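Open the structure in your viewer and keep the sequence panel beside it. The stops below say what to select and what is there.

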Amino acid sequence: MTMSLMSYIHTPIISSMNLHRVNTITAMKLEIQSRKLIKPSVSTPLTLRHYKISLIDEFAPTMNLPLVLFFPPSLDNNPTLVVQLEESLKKTLTNLYPLAGRYMEDIHTVDCNDQGVEFIQARADITIQELLIKKTNLHLVNELIPSKLLASDLNNAMLATQVTTFQCGGLALGVSSAHRIGDVSTMITFLNQWATLTHKDTKLGFGGIDFTSSSMFPAQGLLPLDVGFRKLESNGDYVTKKLSFDENAISNMKTKVTMNGKGNTHQLFKVRLVSPLICKAFIGVDYATYGDLRTSVLVQPVALRQKREKIASLNPKSPLGNHWGLIVTESGTTKEFENLTDLLVGSVTKTIKDYSKVGHDSSERKQMVLNSFSDAANIPDTTNVTWLASWCKFPFYNVNFGFGKPLWVGCGFVPFKRGMMLLDDAKGNGVEAYVTMGVKDVPYFEQDDDIKAFAT
């Protein structure tokens, strides 16, 4: 029996009299033109009706994963584009059928009942170029993502989508998927299949996806991880700021670390530079808040199947579900950027090496995952906790629906108390960081010398 589990929010379907509601957010008006439930084109067989979540799915934080992709105006100005997206979504859900189901909390199972995925069609009164100029205004970006980030009631939908057209003919495609059923790998699998079926007359059957994560990590009725996450009702007390670190800034950060004799340049990837720099700024915030240098911890997911394991796997199918453990790095009272970089790089390198020593489906790896979640759950309340989630290197900029690759990919608000979501920038060599903190923390954060030196 489940001990406790909050639900994911899903914007309720509204009646036709409310379809033309207009939202005004700063410099953009968003008109909701329609919203409907899209169901799989082929009914899910009774033999596939129940999809059991895994132990890692249970631990996944109570949130939706938010993403929005911005596409340029289509050269052929296809008037049936939205209809094409609806039809290809139906085919996609035939293969990824759990996404169209509803979660049954009491038995840790998704009822693959083909109830459907919400599909919202909206129109914005600005051009996509105008929005991209203002992309640091996350209120605008967040309006293009279909579901709220955190949960407050029990609806248990797995996925919502939103297609927003702009005055210039450009398009934003927003996706919000329940972390309960998958991680960023599941998100990219869904987007790639949807894109392929939109611009190619391809048939996908019930295959190509690995649904076996619960057999490796059976659910045990455990609580979702909430260390360092905020509740929906506390939204007004927190703010997410978007920071950019371009290729030149990354290079200068690497030089600063290596000049002080820290770090192996071959291991100083951009995420391993940006994350300790932001961590250092949060340590400064914490010191300004408490007047004391408290113990600090960085918590970050690590993929359970690294690239070489995927290549060697006898089961090369794309996995559905959450496939990650955690790295909990205690930095003590260390506060220098160079020392934090050295510490975090060493922690990540060691963890990946440890996982590579045990079999992917082994009991040893399962115990390592359980231990990592236990470490996170037992972090003392007096600790300064910073979360890191990196979506860098996931090929969002290669998603092609047939009307060009994305101009930009954003993620809107992030539900940490203190933390960062990292994405590649449009050029691929820089990092865009969505950094969340308390409203009162912002002045202290912005005073950090390295933030002022490297971030824009």
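Among contacts in the protein between residues at least 6 apart in sequence, what percentage join residues at least 24 apart? The figure is 81%, where contact means heavy atoms within 4.5 Å.

This is a predicted model, in which local features need pLDDT of at least 70 and side-chain atom pairs count only at pLDDT 80 or more, while totals for chains, interfaces and linings use all residues. Residues are numbered from 1 along each chain as its sequence is written, and side-chain values use heavy atoms, with hydrogens and water left out.

**The whole chain**

Show everything as a cartoon. The protein has 13 helices and 18 strands; helices (H or I, at least four residues) and strands (E, at least two) are DSSP runs, numbered from the N terminus. Of its 456 residues, 55% count as buried. Buried means under 20% relative accessible area, exposed over 50%, and partly exposed in between, with a 1.4 Å probe and protein chains only.

Select residues 64–71, which are strand β4. Eight of the eight residues in β4 are buried. In a regular strand the side chains alternate between the two faces of the sheet. In β4, N64, P66, V68 and F70 lie on one side and L65, L67, L69 and F71 on the other, and all are buried.

β9 pairs with β4 in the antiparallel sense over eight bridges; two strands pair if DSSP finds at least two bridges between them.

Which residues stand across from F70? In β9 the bridge partner of F70 is A172, and in β16 W408 stands opposite F70.

A172 is buried, with a relative accessible area of 0%. Leaving aside neighbours within four places in sequence, A172 is in contact with V68, L69, F70, L144, Q162, V163, T164 and F166. Draw a distance from A172 to A124: the two are 48 residues apart in sequence and 9.8 Å apart in space, C-alpha to C-alpha.

**Helices α2 and α5**

Select residues 81–95 for helix α2 and residues 184–199 for helix α5. Their axes come within 8 Å and cross at roughly 130°. That makes α2 oblique to α5. Axes are lines fitted to C-alpha atoms, for helices over the stretch in contact, and angles run from 0 to 180 degrees between N-to-C directions. Angles under 35 degrees count as roughly parallel, over 145 as roughly antiparallel, 65 to 115 as roughly perpendicular and the rest as oblique.

Show side chains where the two helices meet: Q84, L85, S88, L89, K91, T92 and N95 in α2, and F190, Q193, W194, L197 and T198 in α5. The residues of this contact divide into five nonpolar, six polar and one charged.

**The sheet of three strands**

Next, find the open sheet with the order β3-β6-β5 and antiparallel pairing. β3 (50–52) and β5 (102–104) are at the edges, each with a single partner strand, so one side of each has no neighbour in the sheet. The twist averages 35° from one strand to the next. Three bridges join β3 to β6, residues 109–111, and H50 stands opposite D111 in β6.

Select H108, in the loop between β5 and β6. Most residues other than glycine have a negative phi. H108 is not a glycine, yet its phi is positive, about 55°. H108 is buried, with a relative accessible area of 13%.

Move on to D114, in the loop between β6 and β7 (117–124). D114 is not a glycine either, and its phi is positive, about 60°. D114 is buried, with a relative accessible area of 12%.

**The sheet of six strands**

The last stop is an open sheet of six strands in the order β11-β18-β17-β15-β12-β14, with mixed pairing. At the edges are β11 (238–245) and β14 (324–332), each with a single partner strand, so one side of each is left without a neighbour in the sheet. The twist averages 20° from one strand to the next. Helix α10, residues 337–356, packs on this sheet and touches β12 (296–303) and β14. The direction of α10 makes about 150° with that of β14.

Finish on β17 (residues 419–424) and β18 (residues 431–438), which run antiparallel and are joined by six bridges. M420 stands opposite V435 in β18.

Key
Nonpolar A, V, L, I, M, F, W, Y, C, P; charged D, E, K, R; others polar.
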